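These are my notebook entries on a structure that I looked up part by part. I record what I asked and what I found.

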Amino acid sequence: MKYGPTVGEVLQAKGVSRRGFLKYCATTASLLALPPSMIPRIAAAIENARRPSVIWLSFQECTGCTESLTRSASPTVEGLIFDAISLDYHHTLQAAAGEQAEAARHAAMEENDGGYLVLVDGSIPTANAGYSTIAGISNVDMLMDTVKGAAAVVAIGSCAAFGGLPGADPNPTGAVGVQDLVKDKPVVNVPGCPPIPMVMTAVLAQFLTFGTIPDLDKHGRPLAFFGNTIHDRCYRRPFYEQGKFAETFDDEGAKAGWCLYKLGCKGPTTYNACATVKWNQGTSFPIESGHPCLGCSEPRFWDKGGFYQPLSTGHFGSGAKLGGAAVAGVALGVAAAAAGRRRQAKFTKEA
Amino acid sequence: MDLLEFARGPALQVAAYILVGGTLWRLIGIILLKEKPDFSEPRKSGGLPAALKVIWTRAFTADPFKKATLYPKMMAYVMHIGLFAVIFLFTPHIVFFEGWTGFDWPGLPNNVIYLLGVATVVSGIALLVRRLTSPVLKLISNFDDYFSWFVTMLPLVTGLLIPVRALFRYEDLLAIHILSVCLLLVWLPFGKLGHTFLVFITRGTTGMVFERRGAKT
Amino acid sequence: MTTVDGRHELDREAERLAYKPPEIRHDKQGDLDSEERINKAMYNFVKNFNTQTASYLDGCLHCGMCADACHFHVRTDDPRYTPIWKIELFKRTYKRQVGPFAFFYRLLGLKRHVTIKDLEEWQHLLYDSCTVCGRCSLVCPMGIDIAGLVSMARHGMFKAGLVPHELHETAKRAAETGSPLGITPEKFEERVEWMADEHEVDIPLNVEQADVLAVMSSIEIQKYPESIAATAKILNAAGESWTFRTDGFEATNFGMLSGNPEWQKEASMKLINTAIKIGAKTLVLPECGHAYMAMRWMGANMYGKPLPFKVLHISEYLADALNTGKIKVGKVDKSVAYHDPCQVSRRGGATQAARDVLKHLGVDHREMKNGGDYNWCCGGGGGVITIKRADKLRHRVFKLKMDQVEETEADELLSSCANCRQSFDDSQEHFSWDYKMGSLMEMVAENLEEGTA
């Protein structure tokens, strides 16, 4: 194992006060729905944690997940914690390139065999290996090779979790999520397009504190953050119940902050923490800013009807097909009436 | 494809095809049978106005029969009006119809709809109990009566489960609800729920024949 | 005194207290075997299906409201008397043979084929317990003309040879002799002469050409012959050019009542041909209910085209004549309850006519509660009064009528149908009731004022 300074030492060196650090641990405990008694344990765990080795693989991605995680106007504790992990491989952030970068990846894998975390963003193409390669290695090969000695794999963002935008119809690259390929390692999905930064770090904090992955829902998402729908936590919910809906983006209802259901909000079927944790350190989230939820943490959200098509719209298929059904019905009716009349004529003769 | 996508997509599509095809099949199969011409001298004019008149008036029971039929009639009113309100005045449903027809109209607050939905289910249960206990209804009822009751009540019950968030996750409840509606749509043309479109013919014909005679309708 | 229970008689001969077992008669005509009867029933059911009947048979909701309107069900609580149940075999046959899904009904056995037992059991339902009064048709929320369907269903029963004996025999006699009571043209002529004599009234008979053809019902000719005289008085006072004809005098139509459409047509055509022969402009039907239905609304369809003459029920003729001043009547200072014959008022649409007449008569007309178009049937129509085994049932339902009349506390009871009159007379005797049915026409005839021609 390659050891560096502990996370606590790093934080101290960066000037994070004890109080500030404990405050972060308290927030984390709260987010994870853990009792206050757990705060010291979280603190101790993070403080004394050896910076675990993290290998970050980027495949068919837009780098938005990385941007979300690393963007900060001023240094944040989350950001610093991120600095406190040993990020041994990351395309965007690493200094090395080419052969050196790949060598770093292999070294990290060997030295931390069985104990490193693999974080993945971007979907993996399966239709043709040539769609996305790194150092001449296909995404599939790199993924399967890298996870061999991993303790756990975290799929960051909807692309890595479910295939994301590349996986949208017609999915020319055969893009899939990590869970579709990695079957023998624990996989945690942290979807979102992008995911909320705090959700990401909380998952890491859980791993650091307990050495385990959190409880997951049926899509492999941590229940702590993906256990409720946006709809069930949305501050505009009373308007939904009262029947007050914005009809357009700039009508009186929209200006009054009414429910955005009719403008296509996917809140009711979307599981995420946006309505409670929000974005940019609790500044706002799409609905609060007046835009309906896209449902970006759900599998295949690009193909679930348009973003501005309300949830309760049906997908009826073509008018032509419906017309065909009508014609068929008429034909059957004519046939039935003809048969009835014929039978009637026959019976009338014998009556 | 998850259950919700299936319900909103292929299931609803096929249900729509069967609804349209089946309805036309039954309607045409009846309308194209022999016509019975009437050469008698009319007392009053019949025709379309007479048909429309009786289509409207037959929704109401004549005074002499009111007392005897009050209870089932009231239950049936609650059920039909409740169904109408729940289907057509609930905003997510209105949005559904808008996607289909392009028409939009104001709805009632959700809680009012939930209340009406409950009232409708209660009236439905009352009617079922009556069907199971009245000697007349026990004799004349058949599978069609009970199954039609079931496919009408199911969307109501599954719909009411959604705001209550009972038993399953929201998207699964929604999927089950939509599938129960698909079942209703598929059954509608074939059983007694076909009275949805047949009522115009039965009341209309009687209106035309009897108004023409100047007889009571 | 114990009240008479019209349903099951006490067996007064039995050693211990017991009821006489109810008589179950399955009358059969002809020597067809069961298979043939079933087929005949089916063919003749099917013959009747058209768009109108199809929509009715397809549209029933099994709501059971028709039961609450039917006097037979209301007075017995027997669910089998539910009107739509009476046509269940008719409905099943429709769905299996001619309905839009008939192929599947047969293929998957979704409805059973009619059996001989079914047909036997349904004889009672279709004949004994339905007067085709039409109250059920008025209450049905789908607007189904259930009464009309019963008439059609009888076609199947007739050809299958499953008609109650008395009704069949009566219809047969009518087909063979021209009158259900066997009144030959000679007998009719005799009665006409007798009435002309006794009442000192001119009664034209077998005139070659006349504007008005008057006809009678056998019930009147036989039981209430003064109707003949009354009719004559009225038509004479109105100054009509009219006549009775021995080649066409029978207004009743037992073919229609029993369910034989060929006999129905024959009876109707006899009158139609006679009317045409004499160049009549108007055919005046007597005080008979089903005669009005048979000629006014079904006659032209028997003929195959519009009739070349007007058809009026005598009450309509009277209303016309009184309203236009053709005849005048003196005032009658009495209170009157009027029983509307089902086929004339409710089913026939001539409800107002009798009221006009009563207004001219100046009586205190006490409308019955839920009377007029909704009043209870006398229980004897549709051929029921001919069926002896149905007497108990008919007397049982008559109670509704008695209550309805008694509530008016009127002095007199009038109607304009001889069959109703028969039914009332029979029940009046059975119950020792203090109301005796009178004839609207006779009251007019008795109070005609001179010099109105």
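**Entry 1: the salt bridge.** I began with A:R221, which forms a salt bridge with A:E298; their closest N and O atoms are 2.8 Å apart. I note that the model is a predicted one.

I then asked how many salt bridges there are between domain 1 and domain 2 of chain A. The count is one. Four residue pairs are in polar contact between domain 1 of chain A and domain 2 of chain A, both residues being at pLDDT 80 or more. On the side of domain 1 of chain A that touches domain 2 of chain A, the elements giving two or more residues are α8 (157–162) and α9 (197–210) of chain A. The largest share of that side comes from α9(A), with three residues.

**Entry 2: the two domains.** I looked up the bounds: domain 1 of chain A covers 50–222 and domain 2 covers 237–350. Their centres, taken over C-alpha atoms, are separated by 35 Å. I found 21 residues of domain 1 of chain A in contact with 16 residues of domain 2 of chain A. Between them the two domains bury about 1,300 Å², and 69% of this is on carbon and sulfur atoms.

**Entry 3: a strand in chain A.** I turned to strand β9 (residues 187–190) of chain A and asked which residues point which way. A:V187 and A:N189 point one way, A:V188 and A:V190 point the other way, and all are buried. Strand β7 (residues 150–156) of chain A runs parallel to β9(A), and four bridges join them. Opposite A:V187 in β9(A) I found A:V153.

**Entry 4: a serine in a loop.** I located A:S284 in the loop between α13 (252–255) and α14 (319–350) of chain A. Is A:S284 buried or exposed? A:S284 counts as buried because its relative accessibility is 16%, and buried means under 20%. The side chain of A:S284 makes a polar contact with the side chain of A:S289, at 3.0 Å. Leaving aside residues up to four places away in sequence, A:S284 touches A:K278, A:W279 and A:S289.

**Entry 5: a leucine in chain C.** Lastly I looked up C:L307, in the loop between α18 (299–303) and β4 (310–313) of chain C. C:L307 is buried, with a relative accessible area of 16%. Not counting residues up to four places away in sequence, C:L307 touches C:I272, C:M295, C:G299 and C:A300. I also noted C:S432, 125 residues from C:L307 along the chain; the C-alpha atoms of the two are 45 Å apart.

Definitions and conventions
Residues are numbered from 1 along each chain as its sequence is written. Chains are lettered from A and ligands numbered from 1 in the order in which they are written. This is a predicted model: local features need pLDDT of at least 70, side-chain atom pairs count only at pLDDT 80 or more; totals for chains, interfaces and linings use all residues. Side-chain values use heavy atoms; hydrogens and water are left out. Buried means under 20% relative accessible area, exposed over 50%, partly exposed in between (1.4 Å probe, protein chains only). Contact means heavy atoms within 4.5 Å. Two strands pair if DSSP finds at least two bridges between them. A polar contact is a pair of N or O atoms within 3.5 Å; within protein, one must be able to donate a hydrogen and the other to accept it, and residues adjacent in sequence count only if both atoms are side-chain atoms. Domain bounds come from an automatic or database domain assignment. Buried area is the accessible area (1.4 Å probe) that two parts lose on being put together, summed over both. A salt bridge is a side-chain nitrogen of Lys or Arg within 4 Å of a carboxyl oxygen of Asp or Glu.
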